[in-house]
Amino acid sequence: MSAEQRLKELGIELPPTATPIANYVGAKRVGSLLFVAGHGPARDAQGNRPTGKLGRDLTVEQGYAAARSCGLNLLATVRAELGSLDRVRQIVKVLGMVNCAPGFDQTPPVINGCSDLFVEIFGQEAGSHARAAVGMGELPSSIPVEIEMIVEVA
């Protein structure tokens, strides 16, 4: 089943493509690789996005949801760049950054929100990826999670 068909089957609608907030582009293609800039979680219907530190303001479950939202934003950018998610051969690498309170060491389960989404949409073979899940002292606009990725394009 194609990635676009899988999205429909799961009832997942991608958010509008995010506009970069500084002097960079959302994605840059080099050969068969698409480097996708860091994306935060999507805004809700009221225009708000989650903020705060994991381990102080947010639970691992809330962080997981924020990481999943980041994944949806990343996929929206990939679709905008490629025209269709069906052009993704595989997810190569994910870098997940978690806004952490001191002592918070549960970054891998948080970033699983994004990783699980990619496997759900692209399948085990194409959706599994190399990954880092690191804790940060701060993230832009106090977002709880920021994720960037590298995709191989067919």
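**Sheet, core and salt bridges in a predicted model**

Strands β3 and β4 pair in the parallel sense over seven bridges. Two strands count as paired if DSSP finds at least two bridges between them. Helices (H or I, at least four residues) and strands (E, at least two) are DSSP runs, numbered from the N terminus. The model is predicted, so local features need pLDDT of at least 70 and side-chain atom pairs count only at pLDDT 80 or more, while totals for chains, interfaces and linings use all residues. Residues are numbered from 1 along each chain as its sequence is written, and side-chain values use heavy atoms, with hydrogens and water left out.

Contact means heavy atoms within 4.5 Å.

Strand β1 (residues 27–30) runs antiparallel to β2, and four bridges join the two. Arg29 stands opposite Leu34 in β2. The two strands form a hairpin with two residues between them. In the turn, Gly31 has a positive phi of about 60°.

Val25 is found in the loop between α1 and β1. Leaving aside neighbours within four places in sequence, Val25 is in contact with Pro20 and Ala37. Val25 and Thr77 are 52 residues apart in sequence, and their C-alpha atoms are 10 Å apart in space.

The largest nonpolar core has 38 residues. Such a core is a set of buried Ala, Val, Leu, Ile, Met, Phe, Trp, Tyr and Cys residues joined through side-chain atoms within 4.5 Å. Buried means under 20% relative accessible area, exposed over 50%, and partly exposed in between (1.4 Å probe, protein chains only). The residues with the most contacts inside the core are Leu75, Val78, Phe118, Phe122, Ile147 and Met149. Two or more residues come from each of α1, β2, α2, β3 (88–99), α3 and β5. α2 gives the most, with nine residues. Beyond its neighbours within four places in sequence, Phe118 contacts residues including Leu74, Leu75, Ile91, Val94 and Met149.

Ser69 lies in helix α2. This residue is buried, with a relative accessible area of 15%. The side chain of Ser69 reaches the backbone nitrogen of Ala42 at 2.7 Å. Leaving aside neighbours within four places in sequence, Ser69 is in contact with Pro41 and Ala42.

The structure holds six salt bridges. A salt bridge is a side-chain nitrogen of Lys or Arg within 4 Å of a carboxyl oxygen of Asp or Glu. One of them joins the side chains of Arg79 and Glu4 (2.6 Å, N to O). Arg79 lies in helix α2 (residues 60–82) and Glu4 in helix α1 (residues 3–10), so the pair ties together parts that are 75 residues apart in sequence. Arg79 is partly exposed at 29% relative accessibility, whereas Glu4 is buried at 15%.

Glu120 forms a salt bridge with Arg68, with the closest N and O atoms 3.0 Å apart. Glu120 lies in helix α3 (residues 107–127) and Arg68 in helix α2, so this pair ties together parts 52 residues apart in sequence. Glu120 is partly exposed, with a relative accessible area of 28%. Arg68 is partly exposed too, at 25%.

Lys53 and Glu138 meet in a salt bridge through their side chains (3.3 Å, N to O). The pair links distant parts of the chain, 85 residues apart. Lys53 is in the loop between β2 (33–39) and α2, and Glu138 is in the loop between β4 (130–136) and β5 (145–153). Lys53 is buried, with a relative accessible area of 9%. Glu138 is exposed, at 55%. A polar contact of 2.8 Å also joins the side chains of Lys53 and Asn99. Such a contact is a pair of N or O atoms within 3.5 Å; within protein, one must be able to donate a hydrogen and the other to accept it, and residues adjacent in sequence count only if both atoms are side-chain atoms.
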